[in-house]
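Keep the 3D view open as you read.

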Amino acid sequence: MHHSIEVEHLSFSYPDSHPALEDVSLRIAPGEKVALVGPNGAGKSTLILHLNGILTGQGQVTVCGLEVVEKNFSRVRAAVGLVFQNPDDQLFSPTVYEDVAFGPLYQGLPPDEVERRVTSALAAVRMSDYARRVSHHLSNGEKKRIAIATVLSMRPEVLVLDEPTAGLDPRARRTLIHLLRDLPLTMLVSTHDMALVRELFPRVVIMDEGRIVADGLTDELLADAALLEAHGLEKP
């Protein structure tokens with residue numbers, strides 16, 4: 001059985017800067033829901049962008065049995081659904097329906113299958129009534145859910161989210177938590193929302209200065225006040 005995500009000795013530097021990732025190794029099994037936490041500049045977003053080839057560093061990254069190299073990019077990007085922190089980076093079509101249909105259409109699927117995928121993805125994020133709405137007129141919480149639907153319509157095996165609850169009001173945040181809990185996918189979620197981590201993720205990976213400094217059971221790591229304080233994290 002392959003791991004959903006396998007990162008081996010990954011290092012990466014942005015041009016003219018100190019290393020953003022240093023010798024990072026991480027394995028996530030199918031079906032696992034894992035939180036990725038750490039202070040700003042820890043390397044969390046940089047790591048996430050390696051999972052579907054937006055960035056490529058030194059080392060090996062494998063997702064769903066596919067090595068993340070150029071010849072596999074289209075298959076990797078279908079397998080790994082990446083949801084950015086700002087949903088406006090992902091929504092660019094005139095209507096919600098067209099945004100969610102974009103990926104399946106790009107994959108060359110027939111119209112009836114595209115329709116099935118859009119219907120199913122919107123139902124999964126509880127936004128079925130929004131298909132004909134204009135994405136840019138929605139609230140931030142609604143946009144986040146539509147951004148997730150644009151990824152679900154590709155039927156990924158792995159869902160990777162960057163700061164999913166950032167900028168959400170309490171009700172939208174609660175809706176998103178229920179949504180993420182119900183999705184039967186392998187999940188890696190980068191977040192500063194430690195209450196979300198405690199509630200939703202059995203395992204947490206802590207990064208700081210481009211390295212993984214701790215990886216273990218959420219209850220145990222969140223109970224370690226000294227560890228959290230050392231890496232700029234607040235106990236929820």
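Two strands count as paired if DSSP finds at least two bridges between them. Keep that in mind for the sheet below. The model is predicted.

**The sheet**
- Strands of a sheet pair through backbone hydrogen bonds, in a parallel or an antiparallel way.
- Here, 6 strands build an open sheet with mixed pairing. Their order is β6-β7-β8-β3-β9-β10.
- The edges are β6 (80-83) and β10 (211-217). Each has a single partner strand, so one side of each has no neighbour in the sheet.
- On average, neighbouring strands are turned by 15° against each other, direction ignored.

- Strand β3 (residues 33-37) and strand β8 (residues 186-190) run parallel. They are joined by 4 bridges.
- Lys-33 stands opposite Met-187 in β8.

**Two packed helices**
- Two packed helices are described by the angle between their axes and the distance between the axes.
- Helix α4 (residues 111-124) packs against helix α5 (residues 140-152) at an angle of about 140°. Their axes are 8 Å apart.
- α4 and α5 are therefore oblique to each other.
- The crossing of α4 past α5 is right-handed.
- α4 contributes Ala-121, Leu-122 and Ala-124 to the contact. α5 contributes Ile-146, Ala-149 and Leu-152.
- What kinds of residues make up the contact of α4 with α5: nonpolar, polar or charged? There are 6 nonpolar residues, no polar and no charged ones.

**Helix on sheet**
- α5 also lies across β6 and β7 (158-162). α5 runs at about 160° to β6.

Definitions and conventions:
Residues numbered from 1 in each chain as written. Predicted model: local features only at pLDDT ≥ 70, side-chain atom pairs only at ≥ 80, totals over all residues. Heavy atoms only, no water. Axes fitted to C-alpha atoms, helices over the stretch in contact; angles between N-to-C directions. Helix = DSSP H or I, 4+ residues; strand = E, 2+ residues; numbered from the N terminus. Parallel < 35°, antiparallel > 145°, perpendicular 65-115°, else oblique. Left-handed = near helix turned anticlockwise from the far one by under 90°. Contact = heavy atoms within 4.5 Å. Nonpolar A, V, L, I, M, F, W, Y, C, P; charged D, E, K, R; others polar.
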